[in-house]
Amino acid sequence: MTDEEAKRQAAVAALAYLPDSGVVGLGTGSTSDYFTREVAKLCQQGRKLVGVPTSKRTRALAESLGIPLLGDEGPWSIDVCVDGADEVSPNFDLIKGGGASHTREKIVNAAARFNVILVDESKLSNTLGTRCPLPVEVLQFGHASTQSHLERWGRPVLRKKGEQVVCTDSGNFVYDLHGQIKDPCELNTRVACIPGVVETGLFLGRANVVLVGSPNGCRELARP
């Protein structure tokens, strides 16, 4: 089974957590795209599901598939949110933001009564920051000053695609903070207090279930 097949398998498994009718948070990323397509199939079959997209990209995909959507302004009463992650610790803490959508994803995650995370085995890690850096969304204004403060907590690198600086849907920059994270709670608190920081990609205590796709099948990791 390829990595893409493993992602699709996890996305299909997540359908078991959906209500017969209700509001679903739609995550951002390649794994979440598989889930969004599966939700579209259910809608076509008559399921009364309404989506809350976590990015402009996901909204465009969901609209193209005919999924009814709520507006971006909120508030929403979300039954379940299904999203991916870039790294998952044994404590179910997450790093998200590889797609530069972690602020919106965190807002939708916090509005959901239940959160399902979809990953493949490569995303499991004993220590966050081992497999990927921590994305930090920052204002464009004074971002180099914000970077200097971030250097206290790791090695911040302004995210670019080629020569172009990556911007979030809200028009902000992303710094990827490299380094292992020994205390995610402390780091999240410290970094969030830096002037100019909009949000970190640390999702702490916000995953109820992690579905792990692998060549041997999909397994469920549930928070005790």
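Guide: Partly exposed means a relative accessible area between the 20% limit for buried and the 50% limit for exposed. The model here is predicted.

Visitor: Why is tyrosine 17 called partly exposed?

Guide: Its relative accessibility is 24%. Buried needs under 20%, and exposed needs over 50%.

Visitor: What makes phenylalanine 114 partly exposed?

Guide: Phenylalanine 114 has 28% relative accessibility.

Visitor: Why are tyrosine 17 and phenylalanine 114 called an aromatic pair, and why is the pair stacked?

Guide: Their rings lie 5.7 Å centre to centre. The cut-off for a pair is 6.5 Å, so they qualify. The planes are 15 degrees apart. Stacked needs under 30 degrees, so the pair is stacked. The structure holds 1 aromatic pair.

Visitor: What parts of the chain does this pair link?

Guide: Distant ones, 97 residues apart. Tyrosine 17 is in the loop between helix H1 and strand S1. Phenylalanine 114 is in the loop between helix H4 and strand S6.

Visitor: How do you know that the charged end of lysine 106 sits over the ring of phenylalanine 203?

Guide: The distance to the ring centre is 5.1 Å. The limit is 6 Å, and the direction must be within 35 degrees of the ring normal. Lysine 106 is counted as sitting over the ring. Lysine 96 also lies over the face of phenylalanine 203, at 5.5 Å from the ring centre.

Visitor: Is cysteine 43 buried or exposed, and why?

Guide: Buried. Its relative accessible area is 17%, which is under 20% and therefore meets the rule. Cysteine 167, at 41%, is partly exposed.

Visitor: What makes strand S3 mostly covered?

Guide: In S3, 5 of its 5 residues are buried. Val80, Val82 and Gly84 are on one side, Cys81 and Asp83 on the other. Both faces are covered.

Visitor: How do you know that S3 pairs with S1 and S6?

Guide: Pairing takes at least two bridges. S1 and S3 have 3, in the parallel sense. Valine 24 has valine 80 as its bridge partner in S3. S3 and S6 run parallel and are joined by 4 bridges. Cysteine 81 has asparagine 115 as its partner in S6. Both counts meet the rule, so both pairings stand.

How values were computed: Residues are numbered from 1 along each chain as its sequence is written. This is a predicted model: local features need pLDDT of at least 70, side-chain atom pairs count only at pLDDT 80 or more; totals for chains, interfaces and linings use all residues. Side-chain values use heavy atoms; hydrogens and water are left out. Rings of Phe, Tyr and Trp (its six-membered ring) pair if their centres lie within 6.5 Å; planes under 30 degrees apart count as stacked, over 60 as edge-to-face and the rest as tilted. Helices (H or I, at least four residues) and strands (E, at least two) are DSSP runs, numbered from the N terminus. Buried means under 20% relative accessible area, exposed over 50%, partly exposed in between (1.4 Å probe, protein chains only).
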